[in-house]
Amino acid sequence: MRLSSTYQDISYALLRIVTGFLFLVHGSQKLFNFPVEFTYDLNPLIVSAGVIELLGGLLVMIGLFTRFSAFICSGTMAVAYWMAHASQSIFPIANGGEVATLFCFIFLYVSTYGAGVWSVQNYLKKS
């Protein structure tokens, strides 16, 4: 067995957990000004994004309804990129959209892979 295959499940779980947590924090910033203040005016679109970020990030992080949640999170980041960033430039490096792009594609990957190890879904499946 190769070393890379030995740690594949663990590294995927860490990617899913950390990505979910970082997304959750974006939502908590928008909705609760925590851990830092959200400096833009709230509107229904931003509040909706904050709810998706908070709940979707939590569900992906703990590994519950992972495929569905990650797919919704991926779509949210695609919309965010095209609405907030792409009008400035098509290139993420030039328009500040690197984070939205990475979130979009990581969540797309998670939506196809599923919860994996260290997840509520995996625990419930074994029970």
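Of the 127 residues in the protein, 34% are buried, where buried means under 20% relative accessible area, exposed means over 50%, and partly exposed is in between (1.4 Å probe, protein chains only). Please keep in mind that this is a predicted model, in which local features need pLDDT of at least 70 and side-chain atom pairs count only at pLDDT 80 or more, while totals for chains, interfaces and linings use all residues. Residues are numbered from 1 along each chain as its sequence is written, and side-chain values use heavy atoms, with hydrogens and water left out.

Let us begin with the overall build. The protein has seven helices and zero strands; both are DSSP runs numbered from the N terminus, helices being H or I with at least four residues and strands being E with at least two. Along the principal axes, the C-alpha atoms fill a box of roughly 50 × 30 × 25 Å. Among contacts with a separation of 6 or more, 64% are between residues 24 or more positions apart, a contact being heavy atoms within 4.5 Å.

F107 counts as buried, at 0% relative accessibility. Its C-alpha lies 4.9 Å from that of A70, although F107 and A70 are 37 residues apart in sequence. Leaving aside neighbours within four places in sequence, F107 is in contact with T19, F23, V60, A70, C73 and S74. Not counting residues up to four places away in sequence, S74 touches C104, F107 and L108.

Two cysteines have now come into view. A disulfide is a covalent bond between the sulfur atoms of two cysteines. Here a disulfide is taken as a pair of cysteine sulfur atoms within 2.5 Å, and the structure holds zero of them. For C73, the nearest cysteine sulfur is that of C104, 11 Å away. C73 is buried with a relative accessible area of 0%, and C104 counts as buried at 11%.

Next comes the largest pocket, with a volume of about 690 Å³. On a 1 Å grid over the protein atoms alone, a pocket is an open set of points where a 1.4 Å probe fits, with protein on both sides within 12 Å along at least five of seven lines, and lining residues have an atom within 4 Å of a point. The volume is the space filled by probe spheres set on the points, which are joined across faces, edges and corners. Of the 26 lining residues, K30, E53, A80, A84 and H85 are the closest to the centre of the pocket. Helix α4 gives the largest share of the lining, seven residues, and α2, α3, α4 and α6 each supply at least two.

Most residues other than glycine have a negative phi, and most peptide bonds are trans. Yet a cis peptide bond joins F34 and P35, with omega about 10°, and P35 sits in the loop between α2 and α3. In the loop between α3 and α4 you will find F65, a residue that is not a glycine but has a positive phi of about 50°. F65 is exposed, at 55% relative accessibility. W118, in the loop between α6 and α7, has a positive phi near 55° and counts as partly exposed at 48%.
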